[in-house]
Number of protein chains: 2
Amino acid sequence: MTTANVEPLFVGLDVGGSSMKAGVVDDTGRPLSAVSLPTEAHRGQDFGLERMCETIRAAVRQAGVSMEQISAVGVATPGLMDIPGGLILDPMNLKPWRNVPVRRHVAETFGLPTAFQNDANAAAYGEFWAGAGRGARSMVLFTLGTGVGGGIIVAGGEGGYIVEGEHSHGAEVGHIKIEMTNPRECECGRFGCLEAYASATAVVKRTQEALADDGGRSALHGLMRSGKELTSREVFTASDAGDELAGRIVEETALYLAIGAMNLMHVIDPDLIVFGGGMIAAGDGFLNRIRAHVRRLAFVVPAERTRIVYAQLGADAGFIGAAACGRRLVKQ
Amino acid sequence: MTTANVEPLFVGLDVGGSSMKAGVVDDTGRPLSAVSLPTEAHRGQDFGLERMCETIRAAVRQAGVSMEQISAVGVATPGLMDIPGGLILDPMNLKPWRNVPVRRHVAETFGLPTAFQNDANAAAYGEFWAGAGRGARSMVLFTLGTGVGGGIIVAGGEGGYIVEGEHSHGAEVGHIKIEMTNPRECECGRFGCLEAYASATAVVKRTQEALADDGGRSALHGLMRSGKELTSREVFTASDAGDELAGRIVEETALYLAIGAMNLMHVIDPDLIVFGGGMIAAGDGFLNRIRAHVRRLAFVVPAERTRIVYAQLGADAGFIGAAACGRRLVKQ
């Protein structure tokens, strides 16, 4: 038997294209461990399912607890998926997996209540439970990375209702169309999506286009000549250093994100909008630019009252949120 | 005492800028009466509150029942409002009303549980309960009239959760920004809102602009010369009769509405999208054009599975939905 432990514990697992991360989380959302293992999707889905269980076991070991102390498990994965069915269907980032019965496999392996959730929804629910959204009734998360993802929690139901959608396509907030005239092509193949304007990838692309036109004035030309790869981080750094071209790109990015935020404020009208993902390394100056555009763009009441903040849990949001989804199974 | 009646009955009241409409509704959403009285907002809010009670009493009388048979009341009004507080704050269409305690007044007058809701949300909830959305888990309504309004119901909570928003600004689906380049000005003062492209008012405005440019070819020039006022109905009729300019306007309108529908499908991913309001007189041909654009624009899974239909309750949706909100107070 294990040592006595009055607080229930949960395990969350966040499966990504290159690695998966698991952690034991206590009843207040505090992680007691965090373990990453490579996903190695190319080795096939049976290997993948076993790797998931291995990562969960490693997280439990690292936390210094035993599997018997765990009350529930939550697993978050990228799409295409069937959330109620507990299946990954045809995942873009996990080739060649197909119709993978994730929830059933994990539940049967550990004999524990197991929740299954989209990774972006899980990250949103993690922030809602234990991060930037703690205490809020409703929240919209935008994650800014190579794409723009997100999650939506509304006040309906016990502990908030995750807007999964009826076809597991809820909260694809990067794929709202914000431009009809000469719209940019998105990675998804559509045109005019928010993601095509405001992801880190889009920031780089827009910067490259602007550099081709600026007659060599921007300091970023030096970086390009040095053969270093241009990333959104360099653009934000150059903007902070006063580079005019970079400053324009950053300001436009803030505007695009404010349009995204405003659109969600006019649809969901949440307590707060949270921005997460790698791009928030840009810092508070960037957040303040977004806020200023939102105040100008949105209806007066939500513009004044909706808090707009950065995420707090970083790359742990996914497994913490997955654990929170597991926790809901046994706490309701 | 009244005659025996096993089924509970509810009254819904839908307050509009020019008239208000009330009806008794049974437990299945069927209206037993429908009474309209002029709002006459200019006579002040005390008069308005009394007029609300008068309309409710008239609806009860017309249904041939007595007030004692009514289990609950629901009142829907236009904004700006505080839904949880039961207050109309500063309504655009009900000048000079201000901070009107609608719910308290109605509840105290009749001594009945009284719900308060935004009129567009109520119309959505009416369709969800007893109209086009009957049996659905979630639904987004777009109402196409002088503006573009709407309501959103998600599956969270008993009987669906109405996305009111935390600041009573949820489901302002006409005010998502769909254009950044040279955006049209909206009645709300913002730029690029869906409403500025796809309301009946916008259809007329876009037609007038096109007529100024088409060298007198469109049949609609004759209508304009006759001094008759151009309405969206004439544009749809001319399109059906083969007028090229009108056909182009109608096709573009279908595209704009499909962009609105797609954006909500990528945010809410509901069971179904419902279009209501005066403009649906355009008929099934117009609906099919919208559907065709959505299939082309949206993610494959929601594009294939989301039903896109017309509303079924017409101008009764508001009071039926208001009654449904009252019903929730006593049925949960």
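Two exercises with worked solutions follow, on a predicted model.

Residues are numbered from 1 along each chain as its sequence is written, and chains are lettered from A in the order in which they are written. Local features need pLDDT of at least 70 and side-chain atom pairs count only at pLDDT 80 or more, while totals for chains, interfaces and linings use all residues.

**Exercise 1.** Find which elements of domain 1 of chain A touch domain 2 of chain A.

Solution.
1. Take the bounds, which come from an automatic or database domain assignment: domain 1 of chain A is 9-131 + 316-331 and domain 2 is 139-311.
2. Count contacts (C-beta atoms, placed from the backbone, within 7 Å): 15 residues of domain 1 of chain A meet 17 residues of domain 2 of chain A.
3. On the domain 1 side, β5 (81-82), α3 (119-130) and α11 (317-331) of chain A give two or more residues; helices (H or I, at least four residues) and strands (E, at least two) are DSSP runs, numbered from the N terminus.
4. α3(A) gives the most, seven residues.

**Exercise 2.** List the buried residues of helix α7 of chain B and the helices that cover these residues.

Solution.
1. Apply the cut-off: a residue is buried if 20 or more other C-beta atoms, placed from the backbone, lie within 10 Å of its own, exposed if 12 or fewer, and partly exposed in between.
2. In α7(B) (residues 232-240), S232(B), E234(B), V235(B), F236(B), A238(B) and S239(B) are buried.
3. Their cover includes α5 (200-211), α6 (220-225), α8 (244-267) and α9 (284-297) of chain B.
4. After α7(B) comes G242(B), with a positive phi near 100°.

Definitions and conventions
Contact = placed C-beta atoms within 7 Å.
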